[in-house]
Amino acid sequence: MPHIAVDAMSGDSGPSVVILAIRDLVKGHPDVVFHLVGDSNILQAGLARARLQGSPQIVVHHASQVVAMDEAPSQALRGKRDSSMHVAIGLLRDGHVDAVVSAGNTGALMALGKVFLRTIPGIDRPAIAAFLPTTTGRLLALDLGANVDCHPEHLLQFAVMGSILVERVMGLAQPRVGLLNIGSEDIKGNEQVKEAALLLRAAKLNFIGNVEGSDIYRGVADVLVCDGFVGNVALKTSEGLAWMISQELRASYTHGWYGRMAYLVNRPILQRLRRRLDSRQYNGATLLGLNGIVIKSHGNADRFAFACAVEVAITEAKHRLTLCIAEVIQKSLDPAVRNSA
């Protein structure tokens, strides 16, 4: 029976969204216990309104403080030891829960994870990993912002962890691993990427070579590896492009009677496209490499998006992802790579 700790106070909407999301999940996951962490008075009142008070699937843990979205990670570590995020990570560290979900400050969440959970033996740095839609399904991209500068050995570690996640969670044998680069040729890229490509080819991975930015969404790879600087720029650029396209479509279909008529005709197609590309269903990034399952939700997530992030935690907990990665890392990576600084 998975136990999931939820930082109920963080994010833009706090407990109002979290409790509704948990209500949506309780019926679908009767085997899961949800540990809500935050101000107990606020949480109990919210649970009563949602008719969840007294549910055997819900446990409330009191925390008197909240980490603000603009707060420095050092303040979250030293100055707010009774924050909902801090208490939730503590529950995971002490073995009371199997995973943590938070919509709070990413830097603070990563810092707390590194200090109290440490990294999986053999892994130097955690990476932010999340699924993105493609024309053939979805791919796992990492790192999306945790590590601005990486050594080639770190990219290899990201690739191994990403492959294990995709294989165990998606059930995809021998996932294709691509290295994000400025060209598909071996001679392209900086020295970091070139050296990483050599390590990936030598590893026991299904490495397909370099992947250009224009191929990210074409389904050529199942795991896409890059450093956090490149990954975050690619992600934010994609989000910006998606927003621009949606605005242009909205403007076109609301301009004049012809546009409105065209919308009525194309409405079923547009609704299907919207469901397919709805970013909320991909909410929930894994802080992959921590010695425990920690999921970061978007701070502005609504109840559906937050529920999707919790679903990620449930799935990874049921597959015992951290243990799987630890076992494979010890077997697959060269000692020089495992002990790299």
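Which residues of α5 are buried? In this predicted model, the buried residues of α5 are Ala-108, Leu-109, Met-110, Ala-111, Leu-112 and Gly-113. The elements that cover them include the helices α3 (73-78) and α4, together with β4, β5 (127-134), β10 (285-288) and β11 (293-296).

One of these neighbours can be followed in more detail. The axis of helix α4 (residues 84-93) and that of α5 come within 10 Å and cross at roughly 35 degrees. The crossing is right-handed. On the α4 side the contact is made by Met-85, His-86, Ile-89 and Arg-93, and on the α5 side by Ala-108, Leu-109, Leu-112 and Phe-116. Sorted by type, the residues of this contact are six nonpolar, one polar and one charged.

The N-terminal end of α5 is capped by Asn-105, which has a side-chain oxygen 3.0 Å from the backbone nitrogen of Gly-107. Asn-105 itself sits in the loop between β4 (99-102) and α5 (106-116). Its relative accessible area is 6%, so Asn-105 counts as buried. The side chain of Asn-105 also has a polar atom 3.0 Å from the backbone oxygen of Met-69, and a polar atom 2.7 Å from the backbone oxygen of Glu-71. Apart from neighbours within four places in sequence, Asn-105 is in contact with Val-67, Ala-68, Met-69, Asp-70, Glu-71, Met-85 and Lys-296. Met-85 is also one of the α4 residues in the contact with α5.

At the other end, α5 is followed by Arg-118. This residue lies in the loop between α5 and β5. Arg-118 has a positive phi of about 65 degrees although it is not a glycine. Most residues other than glycine have a negative phi. With a relative accessible area of 56%, Arg-118 is exposed.

Val-37 belongs to strand β2 (residues 33-38). Its relative accessible area is 0%, so Val-37 is buried. Leaving aside neighbours within four places in sequence, Val-37 is in contact with Val-6, Asp-7, Ala-8, Met-9, Leu-43, His-61, Ala-63, Ser-84, Val-87, Ala-88 and Leu-91.

Leu-43, in that list of contacts, brings in helix α2 (residues 40-49), where Leu-43, Gly-46 and Leu-47 are buried. Seen down the axis of α2, the buried residues fall within an arc of 100 degrees, so they line one face of the helix. They pack against α1 (15-26), β2 and β3 (58-62). The face turned away from this buried side carries the exposed residues Asn-41 and Arg-49. At the start of α2, a side-chain oxygen of Asp-39 comes to within 3.0 Å of the backbone nitrogen of Asn-41. Arg-51 follows α2 and has a positive phi, near 60 degrees.

Leu-142 and Asp-143 are joined by a cis peptide bond, with omega about 10 degrees. Most peptide bonds are trans. Asp-143 lies in the loop between β6 (137-142) and α6. The side chain of Asn-232 reaches the backbone oxygen of Leu-144 at 2.9 Å. Asn-232 and Leu-142 are 90 residues apart along the chain, and their C-alpha atoms are separated by 9.2 Å. The relative accessible area of Asn-232 is 27%, so this residue counts as partly exposed.

Helix α6 (residues 152-169) contains Ser-163. Ser-163 is buried because its relative accessibility is 7%. Residues up to four places away in sequence aside, Ser-163 touches Pro-175, Val-177, Leu-205 and Val-223.

A further positive phi is found at Arg-320, near 50 degrees. Arg-320 lies in the loop between α10 (303-318) and α11 (321-332). Its relative accessibility of 55% is over 50%, so Arg-320 counts as exposed.

Conventions
Residues are numbered from 1 along each chain as its sequence is written. This is a predicted model: local features need pLDDT of at least 70, side-chain atom pairs count only at pLDDT 80 or more; totals for chains, interfaces and linings use all residues. Side-chain values use heavy atoms; hydrogens and water are left out. Helices (H or I, at least four residues) and strands (E, at least two) are DSSP runs, numbered from the N terminus. Buried means under 20% relative accessible area, exposed over 50%, partly exposed in between (1.4 Å probe, protein chains only). A polar contact is a pair of N or O atoms within 3.5 Å; within protein, one must be able to donate a hydrogen and the other to accept it, and residues adjacent in sequence count only if both atoms are side-chain atoms. Contact means heavy atoms within 4.5 Å. Axes are lines fitted to C-alpha atoms, for helices over the stretch in contact, and angles run from 0 to 180 degrees between N-to-C directions. A crossing is left-handed if the near helix is turned anticlockwise from the far one by less than a right angle, and right-handed if clockwise. Ala, Val, Leu, Ile, Met, Phe, Trp, Tyr, Cys and Pro count as nonpolar, Asp, Glu, Lys and Arg as charged, and the others, Gly among them, as polar. The arc is that of the directions from the helix axis to the C-beta atoms.
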